[in-house]
Amino acid sequence: MIRQDEEMIVPEGWGFVETIDRRDFLRLTSTGLLVAFAVKPPDDALRPVWNFAEQQRTPPDFNAFLHIGANGRVTLFVGKIEMGQGIITGLPQIAAEQLNVPLDRVDCVMGDTDLCPFDNGTFGSLSVWRLGPVLHAAAAEACAVLVQMASEKLGVPVAELTVKDGVVISRTDASKAVSYGELAGGKKIERRYEGQAALDKVSEYTIIGKSYPRPDARAKVTGKAMYAGDMVPTGALHARIVRPPVHGAKITSVDTSAAEKVPGVRIVRDGDLVAVLHAHRDEADQALKLVKTTFTPSPSALDHENIFAHLETVAVERRQVGAAGDVAAGEKSAAQVISAKYRKGYVAHSPMETHSAVASVAADGKVTVWASTQTPFPLQTQVARALKLAPEKVRIITPFVGGGFGGKSASQQAVEAARLAVAAGTPVRVVWSREEEFFFDTFDPAAVISIRAGLDGAKRIVSWDNDIIGSGGRGAAMFYAVPNHRTMTKGGWSGNQGGMHPFAVGPWRAPGANANVWARESHIDTLAAAAEMDPVEFRLLNLQNPRMRRVLESCAKKFGWTPKPGPSKRGFGVALGEDAGTYVVNMAEVKVDPATGAIRVVRVVCAQDMGVVVNPEGATQQMEGCIMMGLGYTLAEEVRFRNGEVLDRNYGGYSLPKFSWMPKIETVILDSPDLPSQGGGEPAIVGMGAVIANAVFDATGVRITRLPMTPARVRTALAKL
Amino acid sequence: MKPIAFTLNGVARTVTVDENRDLLWVLRDDLGYTGTKFGCGASFCGACTVLLDGREVRSCVTPMSRVAGKKVVTVEGLAQGDKLSPVQEAFVEHVGFQCGFCTSGMVIGATALLDANPKPTRAQIIQGLERHLCRCGAHLRVVDAVESAARKMAGGAK
C-alpha cells in the first residue's frame with residue numbers, strides 16, 4: 001500500500017523505497033527546506049569498524065538529509081538500513097523531538113544510493129550513537145531556520161515564538177501562527193549544518209525517551225514487508241550458481257549439457273561465474289543438480305579441532321592494543337600468578353534471510369540492485385567495479401533486511417546478481433541457499449586467548465598479560481584498576497591476515513568482543529575463586545570506574561545477588577563489559593545436568609548504562625535479542641569443517657537458540673541523562689559467554705575454557721573433577 | 001505438468017505445474033505470494049510455514065501433489081481486509097518480531113497452535129513454536145504475543 005500525500009510518496013512501513021525514483025526525489029526536494037549534515041567518523045576505538053569497507057569512496061562532506069515539505073511532512077534520507085534493530089523508529093524520534101512535530105509526520109528513506117547521501121554502513125551500534133547527535137543538531141538547525149522565517153512572516157520576534165506540532169506560534173497571541181508546511185512550501189531553501197545549534201534539554205524531551213509502536217509492524221505481520229528476494233522485475237530469472245564443494249578448490253571443468261535440456265533453463269557464464277537460470281527457483285535448483293563439475297582439491301588440511309594449533313603458529317604480526325605500567329614488575333609483586341588459555345570456534349551469522357539480491361539493467365545501461373546488505377554504498381562501488389561502470393550508473397536499493405548481525409556487511413551475492421543480469425540481458429535474482437549461506441558466510445573467527453594474571457596478598461590484580469589470537473581487540477580494553485597490563489592481538493575479524501583462516505571471516509555482532517569479554521571475565525572469575533572471594537565483591541574491589549560500579553551494583557540488586565565465594569553451588573554468574581560506549585553487566589543462573597552435561601540457563605538479568613535512551617522499548621528488545629542470540633555461541637554454535645569442507649551446512653547439525661532455551665529475561669536500563677546516547681545493538685551480547693561459563697563454574701566447580709560449552713564438553717570437564 | 005486445483009486464502013485456484021514441485025516456490029514464483037519466506041529449504045526453520053487444511057506445514061517440502069483439493073492459507077490470508085487477525089494484532093502489540101523474516105511463519109504457526117489448543121500454557125506455546133527459528137531473538141515477545149492472542153480469542157481480559 002502506498003500513501004500518497006500532496007508531494008510525498010512513502011510506501012507502507014517506511015524505509016521501503018523501491019517505488020521512489022530519482023524523479024520523485026527531485027520533485028520532493030525541489031521545494032521546501034533541505035538540511036544536509038555530516039556525521040564525523042567515529043573515534044579511534046571504532047576505526048577498525050569504520051574501515052571495514054575498504055572499497056569505499058571518499059565520503060562527501062555531508063551524509064544525511066532532512067527535508068521539510070509543503071505538506072509539513074519531515075523526511076529523513078539516511079544511508080542506514082533497517083534489519084530489525086529498530087532505527088526506523090529511533091531516528092525519526094530524534095528528528096521529531098527537536099522539530100516539535102508528531103512522530104507520525106516523519107518519514108524515513110533508507111539505504112538507497114540514489115536518494116540518500118553516502119553512508120559507510122549499518123554496523124557497530126553506530127546509528128543512534130553517531131548519526132543521532134548530528135541528526136538532532138540538523139533538526140535544531142531546521143527548526144531555527146523555520147522559526148526565523150515565521151518571525152519575518154508574522155512580524156513577531158523570534159524570542160516570542162514557540163513551536164507546537166509543526167506550527168510556529170506566538171507565545172502571546174495564538175492567532176499569529178504559521179505551519180512548517182506553509183513556511184517551507186513553494187520555496188527552495190538549502191542549508192548545510194556544520195556548527196552547533198541549541199538543542200532541547202534532556203529534561204524537556206517529550207518524544208525521545210518514550211516507546212512508540214514500530215511503523216513496520218503491520219507490514220511484517222501481514223507478509224507485505226518486502227525483502228530483496230521478494231523483488232521481481234519483469235522477466236526476472238532465478239540464478240543458481242555452480243559452486244565449488246570445498247574452500248580452496250577451483251573449477252576445472254563444467255558440463256552443463258544435461259541442464260540445458262531442461263525446459264525454461266538458460267545457462268549463463270561470466271568468467272568464473274557459471275549459473276543456471278530459470279523463472280522458478282526450485283526448477284533452477286533441479287537443473288543445477290544436472291550440472292557436472294570437476295574441481296581441484298582443497299589445499300587446506302585444517303579442521304575445527306586442529307585450527308587452534310594453526311592459529312597459534314601461523315606467522316602474523318602481533319600488535320599491542322593496550323598497555324600500562326610494567327607487567328613483569330607487577331607479576332613479581334604478585335602472591336600468585338594464574339594462567340589460562342581460552343579457545344572458541346567459528347560462528348555463523350545465519351540471518352533467517354539468506355544473502356539475496358535482484359539486479360536489473362535499464363535500457364540506458366543503469367544497473368539497479370535490490371540487495372540485502374548492511375553496506376549499500378560500499379556495495380555500489382563494488383558492483384560498479386565488477387561491471388566496469390561509473391558508480392552513478394549503479395543504484396543499490398535496500399528494502400527491509402532479514403537480519404544481518406554483521407554478516408551482510410559483505411554482499412558478494414549482489415555482485416553475482418549484477419554480473420549475471422548483465423550477462424543474461426534480463427533481470428536476475430540471486431537468493432543464496434542455506435548451504436551457500438553457511439559456505440560463503442564471513443564467520444566470526446576462531447580464537448585462542450591466553451591470559452596470565454597476578455594477584456597480590458590484598459586480593460588485588462597487579463598484573464594482566466593478555467595475548468589474543470583471532471578475535472582482534474574489541475572488548476579487551478582494561479577497565480579494572482590493574483596497574484600493570486598489556487594486551488596484544490594477532491589477526492582479527494577484519495580480513496584474513498596471513499591466511500590464518502581457511503575461509504572468510506568478518507564482523508559478527510560486537511566483533512571479537514564476545515570472545516575477548518568471555519576470556520577476560522572467565523579469568524577474573526578464576527582470580528576471584530583463587531582469592532576466595534565472591535565474584536561481585538572481587539570485581540568491586542578491583543574496580544574504580546564509577547560508571548561501571550553503578551551498573552554492577554544495579555544489576556546485583558535486580559538479580560538479588562548475595563555474596564558467596566564460588567563455587568557456591570548456586571549456579572550464579574556475573575560478567576562485565578563495555579561496548580559501543582555502553583557499560584553492561586550480565587548476571588545469570590544456570591542448572592547443569594551432571595548426567596548429560598546439558599546447561600539450562602534459568603535466568604539472565606542484564607543492566608546497561610547506555611546514556612540517554614531514545615526508545616526504551618527498542619533498546620530493551622535489542623538487549624533481549626542479544627541475550628537469546630548469545631545463548632547460541634555459548635552453548636551450541638560452532639561451524640565444523642575439514643579440509644576446506646564446511647560440514648555444517650544447514651540447521652540439522654548447526655543449532656540456533658530455540659524457544660525452549662529461553663531463560664527468564666530481565667533488563668534494566670539505568671537512568672543516565674547526562675550522557676549522550678551510546679550504542680545499543682550489541683553491548684548486551686558481549687558478556688553472554690562469560691556469564692554462563694561463570695555460572696557453570698559456580699554450579700559445578702568446573703572452569704570450561706572452550707566455547708561452545710556443548711553437553712559433551714561439559715561432561716568431559718565434569719569427569720575430570 | 002498437470003492442473004492442480006486448490007483453495008488459496010479462500011479463492012479457488014488451478015495451477016498447471018509439475019506435481020513434484022514444492023508449494024513454497026509455486027506460491028512465490030508462480031503466484032506472486034511473497035509473504036511466505038524461504039529460509040532453509042529443508043523444513044528446519046519454519047519461515048515457509050503455511051496452513052494446509054488448517055494444519056501448519058512447511059511449504060518448502062510440501063509437493064503440489066499433496067496440495068491438490070486442499071485449502072492453503074498463507075500469511076496474506078489471515079487478515080479480513082484491513083482487520084488483522086487476533087494473532088497478528090498480538091504480534092503488533094507485543095512487537096513479536098525484529099527483522100520480520102521469520103514472522104510470516106511464526107504468525108502462521110501461532111495461528112495453527114491456537115486453533116488446535118485455544119488455551120495453551122506458556123510451556124505449550126514454547127513447545128508448539130520450538131521448530132520455528134528466530135535469529136534476532138524476539139522469542140520472549142513472540143511467546144507473550146501468543147499468550148495474549150489466546151486470552152483475547154477466549155474473550156478474556158487483555
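Predicted model: local features only at pLDDT ≥ 70, side-chain atom pairs only at ≥ 80, totals over all residues.
Residues are numbered from 1 along each chain as its sequence is written, and chains are lettered from A and ligands numbered from 1 in the order in which they are written.

Let me begin with chain A, which is assigned domain 1 (2–222), domain 2 (228–297 + 355–431) and domain 3 (307–347 + 443–719), the bounds coming from an automatic or database domain assignment. Between domain 1 and domain 3 of chain A, 22 residues of the former are in contact with 22 of the latter, where contact means that the C-beta atoms of two residues, placed from the backbone, lie within 7 Å. On the domain 1 side, α2 (47–50), α3 (87–99) and α4 (126–154) of chain A each supply at least two residues, and α4(A) gives the most, with five. Helices here are DSSP runs of H or I with at least four residues, and strands are runs of E with at least two, numbered from the N terminus.

Turning to the two chains, the contact takes 45 residues from chain A and 45 residues from chain B. On the side of chain A, the largest share, seven residues, comes from α17(A), and the classes there are 20 nonpolar, 13 polar and twelve charged residues.

Finally, there is an open sheet of seven strands in chain A, in the order β13-β14-β11-β21-β18-β19-β20, with mixed pairing; two strands pair if DSSP finds at least two bridges between them. Which strands stand at the edges? They are β13 (266–270) and β20 (394–397) of chain A, each with a single partner strand, so one side of each is left without a neighbour in the sheet. β13(A) pairs with β14 (residues 273–278) of chain A in the antiparallel sense over five bridges, and A:Val268 has A:Ala275 in β14(A) as its bridge partner. Lying across β11 (237–241), β14 and β21 (428–431) of chain A is α8(A), which runs at about 130 degrees to β14(A), with axes being lines fitted to C-alpha atoms, for helices over the stretch in contact, and angles running from 0 to 180 degrees between N-to-C directions.

Note on methods
Nonpolar A, V, L, I, M, F, W, Y, C, P; charged D, E, K, R; others polar.
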